[in-house]
Amino acid sequence: MAASFALRSLAPVVQAAAPVTFAEAVREHQDEVFGVALRITGDRESALDVTSATFLKAYRAFERYDPSRPLRHWLLRIATNEAISHTRVRGRELRRRAAVESASALPDGAATPDEQSVAREERARIRAAVAALPELYRVVIVLRYFNELAVDEIAQVVGRPPSTVGVQLLRGRALLRRALEASA
């Protein structure tokens, strides 16, 4: 009984998180939002436009944000929807690679220039294959493997059941595998 009283008295302290300001949200998530936009649109300028539109929409709707839900998922969902809308409005399915080396891993300092060149070409080949995927599969592949979201988190971001996201990941990986084997 004393233990349950102690736990109840601590509960409000655990639940009372400091409110997040919009400026803090932008600082914390702007790089990830840009990365999602870049990988979905495949174009740096488009990604900048999508990132700006994402934070503008988030700013306008910030008072409606439910703080009991993860802010990251809310922003990524807005970014994903904006990126998809942006590519649709432009009237084309982007089939080119994102020419951004900053989105790739840091080069190994001990690697020779030849090894660095081969690694850079391989990353470009993978980015091109991801960009060539149909939108349905590209979005879940980007969120899973570039942003390292779990299936449940992706389901929240894209607004689909986790089982559907799992199937889309399986099919997207199969398409990606075939595309990479064909380009090898």
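Helices, in what follows, are DSSP runs of H or I with at least four residues, and they are numbered from the N terminus, as are strands (E, at least two). The model is predicted, so local features need pLDDT of at least 70 and side-chain atom pairs count only at pLDDT 80 or more, while totals for chains, interfaces and linings use all residues. Residues are numbered from 1 along each chain as its sequence is written, and side-chain values use heavy atoms, with hydrogens and water left out.

Start by selecting Val 20, which sits in the loop between α1 (2-15) and α2. Its relative accessibility is 40%, so Val 20 counts as partly exposed (between buried, under 20% relative accessible area, and exposed, over 50%, with a 1.4 Å probe and protein chains only). Setting aside neighbours within four places in sequence, Val 20 is in contact with Ala 25, Phe 62 and Leu 71, where contact means heavy atoms within 4.5 Å. The C-alpha atoms of Val 20 and Leu 71 are 8.9 Å apart, although 51 residues separate the two along the chain.

Next, select Phe 22, Phe 55, Tyr 59, Phe 62, Tyr 65 and Trp 74, which form one aromatic cluster. The structure holds six aromatic pairs; rings of Phe, Tyr and Trp (its six-membered ring) pair if their centres lie within 6.5 Å, and planes under 30 degrees apart count as stacked, over 60 as edge-to-face and the rest as tilted.

Move on to Phe 62 and Trp 74, whose ring centres are 6.3 Å apart and whose planes are at 50 degrees, so the pair is tilted. Because Phe 62 lies in the loop between α3 and α4 and Trp 74 in helix α4, the pair ties together parts that are twelve residues apart in sequence. Trp 74 counts as partly exposed because its relative accessibility is 23%.

Finally, select helix α4 (residues 71-89) together with helix α7 (residues 151-158), which pack at an angle of about 55 degrees with their axes 8 Å apart. The contact involves Arg 72, His 73, Leu 76, Arg 77 and Thr 80 of α4, and Glu 153, Gln 156, Val 157 and Val 158 of α7. These contact residues divide into three nonpolar, three polar and three charged.

Notes
Axes are lines fitted to C-alpha atoms, for helices over the stretch in contact, and angles run from 0 to 180 degrees between N-to-C directions. Ala, Val, Leu, Ile, Met, Phe, Trp, Tyr, Cys and Pro count as nonpolar, Asp, Glu, Lys and Arg as charged, and the others, Gly among them, as polar.
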